[in-house]
Amino acid sequence: MSDTNTRHVAFLGLGNMGARMARRLVDAGHDVVGFDPVESARNALTEAGGRAEPSAAGAITGAATVILMLPNSAVVEAILEDPAVVAALQPGMTVVDMSSSDPMSTRRLADRLAARGIALVDAPVSGGVSGAEAGTLTIMAGGSVDAVVAVEKVLAPMGTPRRIGDCGAGHAIKAINNLLAAVHLLATAEGYAAGLRFGLDPEVIVSTINAASGRSASTEIKFPKFVVPETYDSGFALALMLKDMRTATGLAAELGVPAVLGECAVGLWSAADADLGPGADQTEIARWVRDGSARATTSSASVHQAP
Ligand code: NAD
């Protein structure tokens, strides 16, 4: 085992989620050394009591645990294959990928790291920026029992870890969960738009569904907090939701399992992503549906061409 400090946690990716999660670790007494290419993100960590390094390899050097909270698997792979990072990663370290990544990529990375004596635990989260802020995230961990147990104490200030299975299992269930969440959000947006057009009160629509069988996290949380007040600021980008949906439908395709409804939803979310552009919040799909853009899309062939 290399010369590592068990309190030293490297944290790569200090965005909407990572900034808040890193702050929870600082407050729990960890020596958090972070990296993000965005300077303001690095400064925010320093102001919160952590340390920032100008490179990923610099943050990792000497750490016992390396946490990733990055946009997608392509970025995770690019970092873990960067020669300076490869040199900084030493046997005995554990890499915890808390991003919502592709489970097949995670398995490949885990095999490569294991060959060097480095454990990979996938530990994606659910609970959004409010859960990250409060340390109440649901953490879906994948990895050997020993590896997951070894990182439980580091994960605890951010939420409740639950071992789902072997490496990749956390990323698989996270993608599946988000495909369901995206389908619910889109279906709720369509029902909500119809209710509004019928003349129903927005809050009455949501509260009634919440007392009936159509309820979901969309009606219980996303609509009351972000759609009805028209703030559309949940802190989760529409493009990231679409990435997770594609991960889930790609997984289904690779496994030979049909995902007809999921593919239809991917078609609609892709159209919303193209219309609303980068930076759109996931909840803006409700405005997009309400304003009739989804109807325009369904007249085009793409949405109907689910396999
Ligand atoms: P974000 O875009 O706000 O943050 C991602 C951060 O990664 C950015 O600050 C970006 O600069 C940084 N980054 C990009 N390339 C990097 C690199 N090479 N090295 C270090 N940092 C790099 O995204 P987010 O909302 O914080 O989401 C992060 C991950 O968590 C995603 O995989 C997302 O799908 C998942 N997630 C998000 C939410 C949410 O509510 N926002 C909830 C659950 C899961």
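View 1. A polar side-chain atom of D36 lies 2.6 Å from a ligand oxygen atom. An N or O atom in the K243 side chain is 2.9 Å from an oxygen atom of the ligand. G235 uses its backbone: an N or O atom there lies 3.0 Å from a ligand nitrogen atom. A polar contact here is a pair of N or O atoms within 3.5 Å. The protein buries 84% of the 830 Å² that the ligand exposes when taken alone (Shrake-Rupley method, 1.4 Å probe). This is a predicted model: local features need pLDDT of at least 70, side-chain atom pairs count only at pLDDT 80 or more, and totals for chains, interfaces and linings use all residues. Residues are numbered from 1 along each chain as its sequence is written, and side-chain values use heavy atoms, without hydrogens and water.

**View 2. The shell around the ligand.** The ligand is surrounded by 25 residues (a heavy atom within 4 Å); N16, M17, D36, L70 and K243 are the closest. Helix 4 (73-80), helix 7 (128-134) and helix 12 (238-255) each supply at least two shell residues (helices are DSSP runs, H or I, of at least four residues). Helix 12 gives the largest share, three residues.

**View 3. The ligand between two domains.** Domain 1 (5-166) and domain 2 (172-300) both give residues to the shell, so the ligand lies between them. Domain bounds come from an automatic or database assignment.

Conventions: A polar contact is a pair of N or O atoms within 3.5 Å; within protein, one must be able to donate a hydrogen and the other to accept it, and residues adjacent in sequence count only if both atoms are side-chain atoms.
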